[in-house]
Structures are given as C-alpha cells and as structure tokens.
Amino acid sequence: DYVTGYAKSNCFEDLAESVTYYIVHQDDFRTRAKKSRILAKKLEWIETYVFPGGRVIAKQEGPEFTKIPWDATKLAYAWKADEVAAR
C-alpha cells in the first residue's frame with residue numbers, strides 16, 4: 001500500500017511521499033492506516049524515527065480524499081508555522 005500513486009515509483013519516492021503525506025495530510029494518513037497494516041507500519045516508523053511522538057506541522061484543507069492522490073506535494077494544506085515555531 002502506498003499513500004500516493006507516485007510513491008509506487010520506487011522505495012525512495014515511497015519514503016519521501018510517505019513523510020510528506022504525514023506532514024501535510026496526517027489525519028488522512030491515520031484514517032487510511034486503520035484499514036491497511038502496511039500503511040500502519042509506515043506511520044509507526046515515521047512517528048518513531050522521523051517525528052518521535054508525532055507532530056502536526058500542517059493541516060489538510062478541503063474534503064477527505066475519495067481516491068488515492070498521485071502526488072502529495074500537489075494537495076491543498078494550511079501551514080501551521082506559529083505552532084511549529086512555538087515548540
């Protein structure tokens with residue numbers, strides 16, 4: 001399972017898209033991880049090694065996705081700069 005279509009390109013894009021998706025679409029990542037053991041493991045790895053304990057840096061804008069997006073960097077999000085800077 002992959003967070004985006006582009007993540008299927010190779011293992012490096014899978015990692016990059018997964019981390020990007022976590023940063024800007026964390027709620028959707030969590031929802032999808034509840035239905036996929038593989039995405040749940042990727043989420044667990046990100047929260048263990050990249051963002052220990054989890055961290056909200058941006059917030060998804062717009063409706064939840066009805067299909068898997070192609071590229072996480074093209075999806076709408078709101079940057080939470082004030083909250084990040086305060087940590």
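Reader: What places tryptophan 45 and tyrosine 49 about one turn of the helix apart?

Author: Both residues lie in helix α3, four residues apart; a helix here is a DSSP run (H or I) of at least four residues, numbered from the N terminus. The model is predicted, so local features need pLDDT of at least 70 and side-chain atom pairs pLDDT 80 or more, while totals for chains, interfaces and linings use all residues. Residues are numbered from 1 along each chain as its sequence is written, and side-chain values use heavy atoms, without hydrogens or water.

Reader: What makes tyrosine 49 exposed, and tryptophan 45 partly exposed?

Author: Buried means under 20% relative accessible area, exposed over 50%, and partly exposed in between (1.4 Å probe, protein chains only). Tyrosine 49 has 60% and is therefore exposed; tryptophan 45 has 38% and is therefore partly exposed.

Reader: Why is the pair of tyrosine 22 and phenylalanine 51 called stacked?

Author: Their ring centres are 5.6 Å apart, with 20° between the planes, so the pair counts as stacked. Tyrosine 22 lies in helix α1 and phenylalanine 51 in the loop between α3 and β1, so the pair ties together parts 29 residues apart in sequence. Both residues are buried.

How values were computed:
Rings of Phe, Tyr and Trp (its six-membered ring) pair if their centres lie within 6.5 Å; planes under 30 degrees apart count as stacked, over 60 as edge-to-face and the rest as tilted. Helices (H or I, at least four residues) and strands (E, at least two) are DSSP runs, numbered from the N terminus.
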